[in-house]
Amino acid sequence: MSDSGPFRLSKGGRLIDRAYQLPFRFDGREFRGVQGDTIASALLACGQMMMGRSFKYHRPRGPLASGAEEPNALLGLGEGGRFEPNQRATTTRLLEGMVANSQNCWPSLSVDIGVMNNWMYRFLPAGFYYKTFIHPRAAWKHLFEPIIRRSAGLGKAPTEADPDTYEQAYSHVDLVVVGGGIAGLTAARDAARDGKSVTVLEQNPHWGGRTPTDHADGQALIEALLSELRALPNVTLRRNTMATGLYDHGYLLAREALADHDPDAGIPRQRLWRIRAGHVIVASGALERPLSFAGNDVPGVILASAVRDFIADYGVAPGKRIVVVTNNDDAYRTALTALDAGLDVVAVIDARPNATGALPESVRARGVRVLTASAIAGINGSTSVEAVKICSHAGEGKVLEIIEADCVAMSGGWSPVVHLWSHCGGKLIWSETQAMFLPDISRPPTGADGMGMATPVGAAAGDLAVSGATGAAPEQPLMPVWVMPMHASRKMKFKMWLDFQNDVKVSDVELAAQEGYQSVEHTKRYTTLGMATDQGKVSNINGLAVLSAALKQPIPQTGTTTFRPPYTPLTLGTIAAEARGDLFQPLRKTPMHGWHEAHGAHWEPVGHWRRPYCYPQSGESHSDAVAREVLAVRGGVGTLDASTLGKIVVKGPDAGRFLDMIYTGMMSSLPVGKCRYGLICNENGFLIDDGVAARLSDDTWLVHTTTGGADRIHAHMEDWLQCEWWDWKVYTANVTEQWAQVAVVGPQARTLLERLGGIDLSAEALPFMGWAEATIAGIPARIYRISFSGELSFEVAVPAKRGLELWQKLHESGADLGITPYGTEAMHVMRAEKGFIMIGDETDGTVIPQDLGLGWAISKKKSDYIGKRAQERSFMASTERWKLVGLESTDGRMLPDGVYAVAEGENANGQRNLQGRVTSTYVSPTLNQPIAMGLVLHGPDRMGEMLEFPVQGQVSYRARIVDPVFYDKEGSRTNG
Amino acid sequence: MAEALARITKLTDLGMIQIRADLAAAGDAIAAACGVAIPAATAMVAKAPRRLCWMSPDELLLVLPLAEVPEAVVALTAALEGQHALVLDVSDMRSAFGIEGAKAEQVLMKLCPADLAKMPADGMRRTRAAQVACGVWRQGDGFVLIGFRSVSDYLLGLLNGAAQAGTQLDPR
């Protein structure tokens with residue numbers, strides 16, 4: 001069975017099943033892998049080592065790693081709405097029929113014009129884009145930017161909507177173990193025995209981490225632990241789940257892949273777990289580091305651990321003549337694995353003067369040359385490894401020997417995965433003997449109780465072999481190697497990659513240090529080290545070690561950059577989850593919503609509500625519909641769905657006193673059965689809401705707020721009650737949704753309502769600003785005789801469940817009266833015709849009632865109300881504040897909303913001085929002319945004066961200052 | 001096609017009365033008028049067909065058949081006469097949903113940040129479902145979720161989405 005490629009080994013591969021062949025396409029060509037492959041292993045098996053090109057220089061690149069840390073083998077995956085850029089070939093499971101494409105290639109992977117950057121490296125040094133900003137100025141705009149934008153940048157953003165769905169779930173658990181390797185599983189078992197609820201998260205589809213590959217009987221050890229854990233009811237084992245970040249209070253986010261393997265499964269593709277963990281065990285393992293030698297980015301130079309993963313896990317030979325280069329014992333495992341698979345290991349290059357541990361000795365015993373105190377001086381080959389140049393590690397790189405090879409397995413030591421530990425404040429400590437940053441267990445991330453909320457174990461804590469559980473023999477210490485050979489020439493350093501994805505080399509970091517960069521955070525941004533999608537998982541430690549050497553300071557003094565979530569990139573879909581389409585936001589609907597919809601309402605969003613803006617009839621424009629609705633109301637009768645109006649019950653012995661503080665006016669003196677208009681200000685004096693309050697009984701008022709104000713004003717009331725006047729006996733309740741409310745408006749309103757029977761609505765029985773309880777059309781109701789249009793108007797409130805019934809009965813009975821449903825825009829036009837202000841139009845958070853000529857609604861008798869003292873401050877009391885007036889356009893054009901009126905002269909910035917602005921503007925269908933309101937300096941004292949409103953590209957608008965009440969100045973129409 | 005995680009039904013016969021009072025002083029009067037004992041904090045007392053739910057240190061919610069609401073409002077109002085108290089029929093401003101079945105809890109785990117697994121049989125939990133406020137209690141082999149009437153469609157969409165067949169939270 002060699003269908004799946006010339007580099008597929010005849011046996012081995014613990015994760016694959018050769019019986020199932022999976023065809024797929026890469027860059028338009030047909031390939032074949034087997035079940036259990038990653039894309040990387042399948043491509044390698046087919047001899048396709050090159051999988052992409054680098055970010056800056058478009059260097060050919062193959063996989064460096066075998067897991068989540070992969071910086072090179074990033075592919076564009078899928079097509080159409082399912083296209084995803086920058087997917088790691090090393091962690092993406094191969095699916096039948098998969099379509100994958102290399103990135104950053106132009107015009108193709110094998111022939112790339114951008115590779116000219118390769119010899120241009122001297123022109124693209126660290127910080128090159130900052131430098132190109134400087135001089136000559138024109139060069140950036142016309143030369144550098146177009147070229148850089150064209151050639152730089154990784155995968156493309158998808159252009160279609162994602163057809164997949166996503167979900168989230170919350171979980172509360174005593175202990176979360178992150179990492180299903182031997183250390184994590186052991187810790188989970190120990191905690192579970194104590195009776196704790198335990199969840200184990202493993203990012204891979206298989207358990208065990210490195211143990212099955214690296215240790216004899218490793219698989220058996222893992223199986224034994226798993227069977228023990230599976231038998232415990234308090235343990236949850238979750239595979240394919242990557243912990244992305246740890247936050248305050250043990251809040252852990254993790255992404256579970258549900259249907260990544262099957263887009264047609266009909267279930268969400270991924271699930272974001274939002275876990276409250278009592279404690280977190282960080283068992284996230286360690287990542288191997290590359291060695292910085294010249295040519296360490298040539299395809300075929302692979303981390304030693306990845307080489308043995310490809311062999312042992314996938315039965316794939318990354319090469320047939322392998323050179324191992326190392327500074328530690330662990331990499332000798334790769335030599336043994338390769339030998340066991342029947343591959344040639346032509347040499348082990350060990351930088352250490354001696355290699356006498358058990359692992360090196362067992363490799364020597366197999367007849368492999370072990371060259372100690374040696375290093376790699378360079379690689380022959382550009383798109384693949386052809387030969388390895390050997391030199392002395394202590395020297396400057398003089399080539400002593402050239403060894404033919406097609407694969408280099410490198411190991412510069414290991415770095416514990418301390419991301420989760422660090423996300424929430426866990427500190428690190430440098431281990432000189434192991435040359436790695438370890439979690440400092442004396443300074444963990446702390447929880448609400450001030451105690452550590454995370455504990456590192458196993459390789460994540462620096463115990464790389466986890467020998468307590470694996471029984472691994474002790475290894476000889478490694479020798480830190482940050483540049484190979486030790487005294488490498490400057491020219492060699494130009495070819496030593498630190499950050500493979502962002503093309504940052506040893507020379508770049510040294511240049512940054514030479515130019516004065518000292519902080520590792522600044523150097524990171526200047527050189528872009530560790531700023532790519534892999535967030536420098538394999539590059540950070542090498543980079544800061546090189547920086548430390550250049551600055552001639554110890555590594556701990558340089559420190560690390562900040563570890564930030566997510567550990568690996570998170571699909572935005574998991575963050576949005578169900579909040580898309582119909583569920584994007586909670587749409588609030590009134591009981592009559594369906595009727596409006598059926599009658600063609602054009603919607604206006606008001607907060608989360610949808611309100612009819614107007615009801616256009618066939619062929620009618622929105623403005624025509626609004627005009628028709630206004631005229632129908634003023635000429636007959638119309639209905640407005642006012643159910644969204646805020647309704648807050650305020651009850652108690654201190655309710656009157658409380659409302660006198662909330663409102664600028666007097667509400668305690670309102671008689672039962674009456675309504676009063678009121679203004680609500682914040683403590684800074686600014687007007688925040690208005691509406692009509694009705695006194696329901698001796699100790700109960702009903703406060704009406706604006707649609708958008710209900711929740712806000714209720715919270716405002718509770719804030720003052722709970723925090724300031726906690727001993728006042730007042731209860732409030734927001735009953736906005738308990739009632740459906742219909743404004744029945746127009747000269748025929750009384751006629752219509754009387755037809756529905758149940759109450760005397762004569763002006764004597766129910767005068768203006770009165771309310772009454774009644775039964776209308778058999779429905780219990782409250783009727784408020786209030787008007788926001790200047791017309792005879794009744795607002796009828798009925799229990800919400802019967803709102804539609806009332807609305808329909810009104811329309812049935814009023815058909816012959818020409819009853820017309822009207823929307824928010826007709827309401828706005830009618831209130832503007834009457835000069836009534838609108839919260840949000842005439843107010844913007846900087847306007848006080850006095851600006852709006854509403855002094856009549858401010859009680860002079862009260863000693864205090866919220867905002868009173870603020871309104872007495874000098875700037876608030878100033879006569880220079882802009883005040884409300886009407887504005888009459890002189891040329892028949894409607895004034896644009898928000899335009900400013902200019903005054904003589906210029907300000908300190910050379911701009912025209914201003915003297916006013918338009919706050920509301922409409923064409924009045926009633927008066928057949930444009931009308932507007934605005935705030936103008938000394939406005940009310942300047943009736944008849946002209947103002948100029950310049951608008952770019954148009955002839956200035958001109959308007960005369962007039963009374964804001966344009967229609968029915970006497971107010972006679974409210975009586976019908 | 002596999003089965004949904006739970007049966008989602010809209011409950012139409014739930015009446016609700018909001019009661020605010022000093023529970024220490026008025027507790028006995030309220031219990032007598034409701035015919036149900038006063039619940040402990042975060043709990044509810046069920047006495048079929050009524051439930052009295054603790055909402056806050058000075059607020060209770062009486063859940064009862066719709067037909068019984070007017071009479072209960074009168075009885076409570078009379079019982080609290082002369083005291084500082086608020087009794088309101090809030091039946092129309094709420095909507096309620098039944099979430100029934102062996103995996104009902106998983107449906108709510110996808111929407112509510114509260115630890116519902118730890119909620120006792122007589123618990124009443126005020127929490128949120130995705131972007132809106134809600135209250136949850138156990139009933140039968142599942143839960144009842146109450147929310148605001150204006151967002152009924154949103155809640156129904158959330159619940160049906162979370163209950164979608166094949167989306168169980170069990171490890172796979």
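How many residues does the contact take from chain B and from chain A? In this predicted model, the contact takes 31 residues from chain B and 35 residues from chain A. On the side of chain B that touches chain A, at least two residues each are supplied by β2, β6 and α4 (152-162). The most is given by α4(B), with 5 residues.

Two of these elements, β2 and β6 of chain B, also belong to an open sheet of 5 strands, in which the order is β3-β4-β5-β2-β6 and the pairing is antiparallel. At the edges of this sheet stand β3 (44-47) and β6 (85-89) of chain B; each has a single partner strand, so one side of each is left without a neighbour in the sheet. From one strand to the next, the twist averages 15°. The antiparallel pairing of β6(B) with β2 (residues 14-21) of chain B extends over 5 bridges. Within this pair, B:Gln18 has B:Leu88 in β6(B) as its bridge partner.

Two helices of chain B lie across strands of the sheet. Helix α1 (residues 23-34) of chain B lies across β2, β4 (50-56), β5 (59-65) and β6 of that chain, and runs at about 155° to β2(B). Helix α2 (residues 69-79) of chain B lies across β2, β5 and β6 of chain B, with an angle of about 10° to β2(B).

Chain A is divided into domain 1 (1-162), domain 2 (166-287 + 416-470), domain 3 (290-412), domain 4 (481-553), domain 5 (646-737) and domain 6 (833-857 + 876-973). Taken over C-alpha atoms, the centres of domain 2 and domain 6 of chain A are separated by 64 Å.

Two helix pairs were examined in chain A. Helix α13 (residues 506-514) of chain A packs against helix α14 (residues 520-527) of chain A at an angle of about 125°, and their axes are 10 Å apart. This angle makes α13(A) oblique to α14(A). The contact is made by A:Asp508, A:Val509 and A:Ala512 of α13(A), together with A:Thr523, A:Tyr526 and A:Thr527 of α14(A). The crossing in which α13(A) passes α14(A) is right-handed.

In the second pair, helix α19 (residues 622-635) of chain A and helix α24 (residues 824-833) of chain A pack at about 60°, with their axes 9 Å apart. The two helices, α19(A) and α24(A), are therefore oblique to each other, and their crossing is right-handed. From α19(A), A:Val626, A:Glu629, A:Val630 and A:Val633 meet A:Glu825, A:Ala826, A:Val829 and A:Met830 in α24(A).

A hairpin is formed by β29(A) and β30(A), with 2 residues between them; in the turn, A:Gly607 has a positive phi of about 60°. Strand β29 (residues 602-606) of chain A pairs with β30(A) in the antiparallel sense over 5 bridges, and A:Trp603 stands opposite A:Pro612 in β30(A). Strand β30 (residues 609-614) of chain A is mostly covered, with 6 of its 6 residues buried.

Burial also marks helix α20 (residues 655-662) of chain A: 6 of its 8 residues are buried, so it is largely enclosed by the rest of the structure. The buried residues of α20(A) are A:Ala655, A:Phe658, A:Leu659, A:Asp660, A:Met661 and A:Ile662. Their cover includes β32 (646-651), β33 (675-681), β34 (687-697), β35 (700-705) and α21 (710-724) of chain A.

Methods. Residues are numbered from 1 along each chain as its sequence is written. Chains are lettered from A and ligands numbered from 1 in the order in which they are written. This is a predicted model: local features need pLDDT of at least 70, side-chain atom pairs count only at pLDDT 80 or more; totals for chains, interfaces and linings use all residues. Two strands pair if DSSP finds at least two bridges between them. Helices (H or I, at least four residues) and strands (E, at least two) are DSSP runs, numbered from the N terminus. Axes are lines fitted to C-alpha atoms, for helices over the stretch in contact, and angles run from 0 to 180 degrees between N-to-C directions. Two residues are in contact if their C-beta atoms, placed from the backbone, lie within 7 Å. Domain bounds come from an automatic or database domain assignment. A residue is buried if 20 or more other C-beta atoms lie within 10 Å of its own, exposed if 12 or fewer, and partly exposed in between; C-beta atoms are placed from the backbone. Angles under 35 degrees count as roughly parallel, over 145 as roughly antiparallel, 65 to 115 as roughly perpendicular and the rest as oblique. A crossing is left-handed if the near helix is turned anticlockwise from the far one by less than a right angle, and right-handed if clockwise.
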